[in-house]
Amino acid sequence: MRVLAAFGGHDASATIVNDGVIEHYFKEERYTRQKHSRGLDNILDIIYKNQYLEEVDYIIYTEDDDNRKLRDAIFKSFNPDVMIMDPKSQHHLFHAAGAFYKSGFDRALVFTIDSAGGYLNDYTFEAESVYVAGYPSTFKPVYKRYWSENMRKDRITSNKSGCELICDNINTGRLTIGNIYNSAALCIGQTVDDCGKAMGLSSYGETPDDKLCLTSESFFEDAANYFKDYPDLIKLLDPKSTSKFDFEITKNNYKKFADYCHVVQNQCELSVISLVDKYLRETGIKNVCFGGGFAMNIITNSNLVKRYPDVNFYFDPVCDDSGLSIGAAMYTYHCMSNDNAIKTSHDTFFHGVNHDLSPYRGRECGIIDLCDILSKSKSVGVFYGRGEAGQRALGNRSILYNPLDPNAREVVNNIKKREWYRPFAAVVLEEDVDRYFENACPSPNMTLCFPVKSDIIPGVTHVDDTCRVQTVTSGHMYDILKQFKNLTGHGILLNTSFNLAGDPLIETPQQAFDMLTKSSLDYVWFYETKQLFKSTF
């Protein structure tokens, strides 16, 4: 059975699942070259050209749109027998399904937290959900929190028997976890899509003397008092605002904003811990999944793992809205098939198509030569197979650099043209992870950070002495790390995404070459053909 799920909204994507296994996944931004792109034009063009529709049994939209009737007609022209299912507002459910079906758990608590999930009615949005999930397709809501401008709680009470229900009126000044975190991104001159930058800056801050209780109904009052010297900022913190604060964080002005981000991080994390505490205690379930945008908060993820050593956690690496089509396809498949088989999918290297590298000839460069280049503190963009589906590069579209170099942060930030305060991640041999990090555990999808043990790896040590970590046990990155260890004594490298700041991950070989001409990146290396290309910058 094949199911196609399509999501045409913010972070548009489409997924084809074949008998419970992800067969194809496409992300619109990789073709438009605009992050968080809406629409399905490029994705559907690929699906049509490759005749993927011919064997699809079910099509599901994760939201309705103005072009649906036209698309339905086109789908039917390719496959008259396909069943097209009505879209429903199940945003958080699809986030939860994407995390649960990839986790390998047979039963789990699933937490979905973002700022504005499914739009219901009267300006009402999902914000926080907790489900008890089980095979084949059971997702029982036990907690739902919404935010609204009109407080029409009566509109959202149907089919929620046995579920704790909260609906916050944003006009009272009480905000949800996701919207509080959005305020941190907005106050540093970014958009709500840039909460990761606020998380990075939070480590430069500390709790200020000013009273800030951001999780109470005094949010707007406390924020306005704290930012009284920035009146243009206050009105932008309203969840309904779409404007951007015209401000740049520098090494001279960052302190007040870093302190605010620090408070946001701590108070949002405490709210998440409170939710986890409550439902672990009430259900007794020891398997926990996280989906939705907040699952990208590696600081909270790491503290949860540390706080609950007897709980098994899974944090979805494709937890933003681009993962909705994955969850929708998996959920629909299990609903229609009643398949109870657990088919774990930890591999996030399933975006797009494979590219023909044979026309591109540089100079021969095997892994030994590559690691010699890296040991001399030269930067290398690695291009291998299909790109990562998530936002974090895990070796297929990665820039690698020597983490032993104390100048690594400045060098790689200059390459990527990104903010000075943002941290870098490390990829490390799983067998050596305890050599560099305290309280470490397997982290194959780079969803956790750990305290750094010493000053051996300054290039990936953040200001708070932690590092986001990817552990590997096999594959091409394992081979590279083993050889780097043979040369330097250390099986660890700086690993950051192969793109310029503000751009999606590169998709094609040509885009890899373009980055050589637009940045100070030293080399691009094609793993399959072992061809190396030198910068012309």
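This tour moves through the structure stop by stop, saying what to select and what is found there.

The model is a predicted one, in which local features need pLDDT of at least 70, side-chain atom pairs count only at pLDDT 80 or more, and totals for chains, interfaces and linings use all residues. Residues are numbered from 1 along each chain as its sequence is written, and side-chain values use heavy atoms, with hydrogens and water left out.

**Two crossing helices**

Begin by selecting residues 91-103, which form helix α4, together with residues 324-337, which form helix α11. Helices (H or I, at least four residues) and strands (E, at least two) are DSSP runs, numbered from the N terminus. The axes of α4 and α11 come within 7 Å and cross at roughly 75°, where an axis is a line fitted to C-alpha atoms, for helices over the stretch in contact, and angles run from 0 to 180 degrees between N-to-C directions. The two helices α4 and α11 are therefore roughly perpendicular, a word used for angles of 65 to 115 degrees, while angles under 35 count as roughly parallel, over 145 as roughly antiparallel and the rest as oblique.

Now colour the residues in contact (heavy atoms within 4.5 Å). On α4 they are His91, Leu93, Phe94, His95, Ala97, Gly98, Tyr101 and Lys102, and on α11 they are Leu324, Ile326, Gly327, Ala328, Met330, Tyr331 and His334. Sorted by class, this contact of α4 with α11 has nine nonpolar, five polar and one charged residues; here Ala, Val, Leu, Ile, Met, Phe, Trp, Tyr, Cys and Pro count as nonpolar, Asp, Glu, Lys and Arg as charged, and the others, Gly among them, as polar.

**A covered helix**

Next, select residues 177-187, helix α5. How many of the residues of α5 are buried? Eleven of its eleven residues are, where buried means under 20% relative accessible area, exposed over 50% and partly exposed in between (1.4 Å probe, protein chains only). Among these buried residues are Ile177, Asn179, Tyr181 and Cys187. Following α5 in the chain comes Gly189, whose phi is positive, near 80°.

**Salt bridges**

The whole structure holds 22 salt bridges, each being a side-chain nitrogen of Lys or Arg within 4 Å of a carboxyl oxygen of Asp or Glu.

Arg145 sits in strand β8 (residues 138-148) and Asp168 in strand β9 (residues 164-169), and the pair, 23 residues apart, links distant parts of the chain. Arg145 is buried at a relative accessible area of 9%, and Asp168 is buried at 8%.

Move on to Lys255 and Glu206, whose salt bridge has its closest N and O atoms 3.2 Å apart. Lys255 belongs to helix α9 (residues 254-283) and Glu206 to the loop between α6 (195-202) and α7 (219-226), so this pair ties together parts that are 49 residues apart in sequence. Lys255 counts as partly exposed at 35% relative accessibility, and Glu206 counts as partly exposed at 46%.

**Helices α9 and α10**

To see where they meet, select Gln265, Glu269, Val272, Ile273, Val276 and Asp277 in α9 with Ile299, Thr300, Asn303, Leu304 and Arg307 in α10. By class, this contact of α9 with α10 has five nonpolar, three polar and three charged residues.

**Two single residues**

Select Cys449, found in strand β16 (residues 448-451). Is Cys449 buried or exposed? At 12% relative accessibility, Cys449 counts as buried. The C-alpha atoms of Cys449 and Ser302 are separated by 5.9 Å, although the two residues are 147 residues apart along the chain. Setting aside neighbours within four places in sequence, Cys449 is in contact with Ile298, Ile299, Ser302, Cys467 and Arg468.

Finish at Glu217, in the loop between α6 and α7. Glu217 is exposed, with a relative accessible area of 53%. The C-alpha atoms of Glu217 and Leu175, 42 residues apart along the chain, are separated by 7.6 Å. Not counting residues up to four places away in sequence, Glu217 touches Thr172, Gly173 and Arg174.
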